[in-house]
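Here are a few notes to go with your first look at this one. Keep the viewer open and click through the side chains as you read.

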Amino acid sequence: QVQLVESGGGLVQPGGSLRLSCAASGFIFSTYVMYWYRQAPGKERELVATISATGGVTNYADSVKGRFTISRDNARNTVNLQMNSLKPDDTAVYYCKAGTLYSGRYYQYWGQGTQVTVSS
């Protein structure tokens with residue numbers, strides 16, 4: 001059974017930091033690209049950060065570049081998102097996603113999300 005379980009969300013003041021984690025099970029984690037998305041109330045889900053299967057390539061949305069860092073540990077089947085210098089606009093539900101293309105078919109799995117609220 002495939003599972004992605006996010007943790008680490010919460011309430012933080014502007015300028016603060018949070019570290020999100022996503023624990024994966026039920027699939028070969030090291031072969032999947034991992035993503036962090038977020039969705040704020042009334043807005044569409046947006047891609048925040050991506051990390052390649054080996055961890056060697058990362059990409060970020062312009063809005064978080066220089067503040068957020070995505071990382072993964074293939075030995076522990078986890079992907080993390082370190083979020084620094086948080087702003088109220090970062091308030092959203094954050095989701096991790098696993099995705100891979102295999103034999104012409106795209107496979108993807110989503111976590112249930114974790115709430116991040118940035119407010120004074």
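1. Let's begin with the charges. This is a predicted model, and a search through the whole of it turns up five salt bridges.

2. Have a look at Arg38 to start with. Glu46 makes a salt bridge with Arg38, and their closest N and O atoms are 2.6 Å apart. Is each partner buried or exposed, or something in between? Glu46 has 33% relative accessibility, so it counts as partly exposed, while Arg38 comes out at 5% and counts as buried.

3. Arg38 also has a salt bridge to Asp90, at 2.9 Å from N to O. This one links distant parts of the chain: Arg38 belongs to strand 4 (residues 33–39), Asp90 to the loop between strand 8 (78–83) and strand 9, and the two are 52 residues apart. Asp90 is buried as well, because its relative accessible area of 2% falls under the 20% cut-off. Through shared partners, salt bridges join Arg38, Glu46, Arg67 and Asp90 into one network.

4. Now the rings. How many aromatic pairs are there? The count comes to seven. In one of them, Phe27 and Phe29 sit 6.4 Å apart, centre to centre, with 50 degrees between the planes, which makes the pair tilted. Both Phe27 and Phe29 are buried.

5. Tyr95 is in strand 9 (residues 92–102) and Trp110 in strand 10 (residues 105–110), so the pair ties together parts 15 residues apart in sequence. Tyr95 counts as buried at 13% relative accessibility, whereas Trp110 is partly exposed, with a relative accessible area of 33%.

6. Last, look at where charges and rings come together. Which charged end sits over the ring of Phe29? That of Arg72, 4.4 Å from the ring centre. Lys97 does likewise with Tyr35: the charged end of Lys97 sits over the Tyr35 ring, 4.4 Å from its centre.

How values were computed:
Residues numbered from 1 in each chain as written. Predicted model: local features only at pLDDT ≥ 70, side-chain atom pairs only at ≥ 80, totals over all residues. Heavy atoms only, no water. Phe/Tyr/Trp six-rings, centres within 6.5 Å; stacked < 30°, edge-to-face > 60°. Buried < 20%, exposed > 50% of the residue type's maximum accessible area, 1.4 Å probe, protein only. Helix = DSSP H or I, 4+ residues; strand = E, 2+ residues; numbered from the N terminus. Lys NZ or Arg CZ within 6 Å of the ring centre and 35° of its normal. Salt bridge = Lys/Arg side-chain N within 4 Å of Asp/Glu carboxyl O.
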